[in-house]
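Reader: Got a minute to go through the pockets and the ligand with me? I'd like to start with where things sit.
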Amino acid sequence: YRAELGVRASGFDVPRPLKLFEHAGLTRELLATVKRRGYAAPTAIQAQALPVLLSGRDAIGIATTGSGKTAAYLLPFIVHAMDQPPLQKGDGPIGLVLAPTHELAEQVTMEARKFAKGDGLRAVGVWGGVGKYEQLKELKAGADIVVGTPGRLLELIRPKGGQPGLSLRRVTYVVLDEADRMFDMGFAPQIDRIVGNTRPDRQTMLFSATFPAAV
Ligand code: ADP
Ligand code: MG
């Protein structure tokens, strides 16, 4: 089936790809959203990444633009978030998606909202050029999923002026999207600092269209 999909997988005991979204163990609401959006069957990257990510494994996913990488990590994100104790007042998010640009972060935020809604989860996007304090306020109202550019996220984690920033102490799901572009844009130091502030027992994923040495 991997050959048929054109999927290559390496790693220890990699779960087999799945053929149907019905086999992924999504929540009822999430499966309904997937169907309502007209996703008949998983794309190749989704077929392989879903069982890997849903089993809690770290992963690097490489697939061309337009191949459906966003849902490959967002669907397991929702399942992961639903398995965690609900957020308490003052808690930061359950997971983070880092993206290289405002445009991409905004697009992923909109996708995340569509998938999160049915299960009552909240997704918030943060990027530069928008008021930091408004963003901090929105985050503090409770966000299960935070999507952002590395620069702005770091500013929100450690705001100037000594006020408490965004807490990453509940973050157990970390996605680097368009990792190739993030490295090209020189975000590696910021990414290191952000990821270093999350829980060591987190699940970590990297998605990219290309796989250069830096990635
Ligand atoms: P990538 O991040 O790999 O470039 P996207 O995640 O942006 O790709 O997906 C590209 C398009 O394909 C989006 O419009 C998305 O809604 C759509 N899509 C994703 N998965 C499926 C699927 N299983 N079936 C049909 N369309 C899909
Ligand atoms: Mg993408």
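Reader: So which pocket does ligand 1 take up the space of?

Author: Keep in mind that this is a predicted model. Ligand 1 takes the space of the second largest pocket.

Reader: OK, and how much space lies in that second largest pocket?

Author: About 240 Å³.

Reader: Which residues lie nearest the centre of the second largest pocket?

Author: Its lining has 16 residues, and Gly66, Gly68, Lys69, Thr70 and Gln107 are the ones nearest the centre. As for elements, helix H4 (69-82) and helix H5 (102-117) each put at least two residues into that lining.

Reader: How does the lining of the second largest pocket split by class?

Author: Seven residues are polar, five are nonpolar and four are charged.

Reader: Now the ligand itself. Which residues come nearest to ligand 1?

Author: There are 13 residues around ligand 1, and Tyr39, Gln46, Gly66, Lys69 and Thr70 come nearest. By class, that shell has eight polar, three nonpolar and two charged residues.

Reader: What does Gln46 do there, in terms of distance to a nitrogen atom of ligand 1?

Author: Gln46 has a polar side-chain atom 2.8 Å from a nitrogen atom of ligand 1. Ala41 comes in through its backbone, where a polar atom is 2.9 Å from a nitrogen atom of the ligand.

Reader: And which atom of ligand 1 pairs up with the side chain of Lys69?

Author: An oxygen atom, which is 2.9 Å from an N or O atom in the Lys69 side chain.

Reader: How much of the accessible area of ligand 1 does the protein cover?

Author: On its own, ligand 1 has 570 Å² of accessible area, and the protein covers 69% of that.

Reader: Switching topic: what volume does the largest pocket have?

Author: The largest pocket comes to about 650 Å³. It is lined by 23 residues, with Arg8, Ala9, Ile60, Gly61 and Ile62 closest to its centre.

Reader: Which elements give two or more residues to that lining?

Author: Helix H3 (44-54) and strand E1 (59-62). H3 gives the most, with six residues.

Reader: Last one: how many residues in the lining of the largest pocket are nonpolar, and how many are polar or charged?

Author: Of the lining residues of the largest pocket, 14 are nonpolar, six are polar and three are charged.

Note on methods
Residues numbered from 1 in each chain as written. Chains lettered and ligands numbered in written order. Predicted model: local features only at pLDDT ≥ 70, side-chain atom pairs only at ≥ 80, totals over all residues. Heavy atoms only, no water. Near = heavy atom within 4 Å. Polar contact = N/O pair within 3.5 Å; in protein donor to acceptor, adjacent residues only side chain to side chain. Areas by Shrake-Rupley, 256 points an atom, 1.4 Å probe, with all protein chains shown as cover. 1 Å grid on protein atoms, 1.4 Å probe; cavity = no way out; pocket = protein on both sides within 12 Å on 5 of 7 lines; lining within 4 Å. Sits in = over half its atoms within 2 Å of the grid points. Nonpolar A, V, L, I, M, F, W, Y, C, P; charged D, E, K, R; others polar. Points joined across faces, edges and corners; volume = space filled by probe spheres on them. Helix = DSSP H or I, 4+ residues; strand = E, 2+ residues; numbered from the N terminus.
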